[in-house]
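Look at the sequence and model first.

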Amino acid sequence: MNAIIDFRSDTVTRPNAAMRAAMAAAEVGDDVWGDDPTVIRLQQICAERAGFEAGLFLPSGTQSNLCALLAHCQRGDEYIVGQLAHTYKYEGGGAAVLGSIQPQPIENAADGTIPLEKISAAVKPVDDHFARTKLFTLENTIGGKVLPREYVPAAQKLARSHGLAVHLDGARIANAAVAMGVSLKEACVGFDSVSICLSKGLGAPAGSVLVGDKHFLQSARRWRKMLGGGMRQAGIIAAAGIYALEHQFDRLADDHANAHALAEGLRGISELGNVSQATNMVFVEVPPAHIAPLQGHLSAAGILCAIGPTTRLVLHLDVDRAGATKFVSECKDCFAGKVRLPSAPMAAATGYAATATGGSK
């Protein structure tokens, strides 16, 4: 475990020696020409595991989702999305700005679902006065929560009854699959397209794979080029994704267990408010008077996080059970009045941590 323990996100994971070796040994070509063998293999692996015809490797989850929206919709079309969904709230309004696609956001229920009756009410009639409702989108996990298993097929069926395609932002679909005890294919069944992120809990340094049928991905590939996502010898990065899928998928259960242990420890601290945990995320309410002192103390202890009224703590492969235990211990020390003085590197680092958006990825 690193000297600095980073709870800000599972995006901060770093490739281990075996992953770096796989990257160094990767056979490469030119992916814009479609002849990078390692990229081709990664796309095939993701497509097969998720139960789709084909895959497309992209630099980021944001671009993967955007290419999906642009491939499903045309200018003047609309997609139905949750208010808390990353595609709506945290991706810069790309679909509207770059695709002239209108989002129709609906407030998420407490469990992360979008109420079925609100979906039906949001679908526009066929009339020149309205945007054309073409796509329904979900996110799993959302805020760390796994969508209820019975909800997903019901929402898909409802969307299709209105003639809508269905896209899944599966940034953490691997976490959802592991939490449910199902295969990636089972977790992705019923969707027309899924964006699978490799750079969060799976631990690759970059990249997402968009899966769907070949016709859909032909359109998405063209959008990828227009958006500047065409890479050349991308097999070096793709090799990390292959390693992550083959060696670091099932271990996501360790992150979930460590998050549970962290939550249990924090529930024993009376100075903190409500604590909740879902998959690899812990959310804890921190009273305003404690925010600055706790942020400073944890920073001095070598712990990176963004303390706020509702603090999100994310477990990943670079934070083990000892790291979770240390977090709880340092919180107790802080409230017991044991003051730490911040080191210069950590003081600089917490400038970012204190302003990071807790709900973002």
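## Terms and basis

Buried means under 20% relative accessible area, exposed over 50%, and partly exposed in between (1.4 Å probe, protein chains only). By that scale, Asp6 is buried at 11% relative accessibility.

This is a predicted model: local features need pLDDT of at least 70, side-chain atom pairs count only at pLDDT 80 or more, and totals for chains, interfaces and linings use all residues. Residues are numbered from 1 along each chain as its sequence is written, and side-chain values use heavy atoms, with hydrogens and water left out.

## Salt bridges

A salt bridge is a side-chain nitrogen of Lys or Arg within 4 Å of a carboxyl oxygen of Asp or Glu. The count is 12 salt bridges. One of them joins Asp6 and Arg8, at 2.6 Å from N to O. Arg8 is partly exposed, at 22%.

Asp31 and Arg224 form another, at 3.1 Å from N to O. Asp31 lies in the loop between helix H1 (17–24) and helix H2 (37–50), and Arg224 in helix H10 (residues 214–226), so the pair ties together parts 193 residues apart in sequence. Helices are DSSP runs (H or I, at least four residues), numbered from the N terminus. Both Asp31 and Arg224 are buried.

## Cysteines

A disulfide is a pair of cysteine sulfur atoms within 2.5 Å. The count is 0 disulfides. The sulfur of Cys73 is too far for a bond, because the closest cysteine sulfur, in Cys67, is 13 Å away. Cys73 is buried, at 5% relative accessibility.

Cys197 is in no disulfide; its nearest cysteine sulfur, that of Cys46, is 10 Å away. Cys197 is buried, with a relative accessible area of 5%.

Notes: Helix = DSSP H or I, 4+ residues; strand = E, 2+ residues; numbered from the N terminus.
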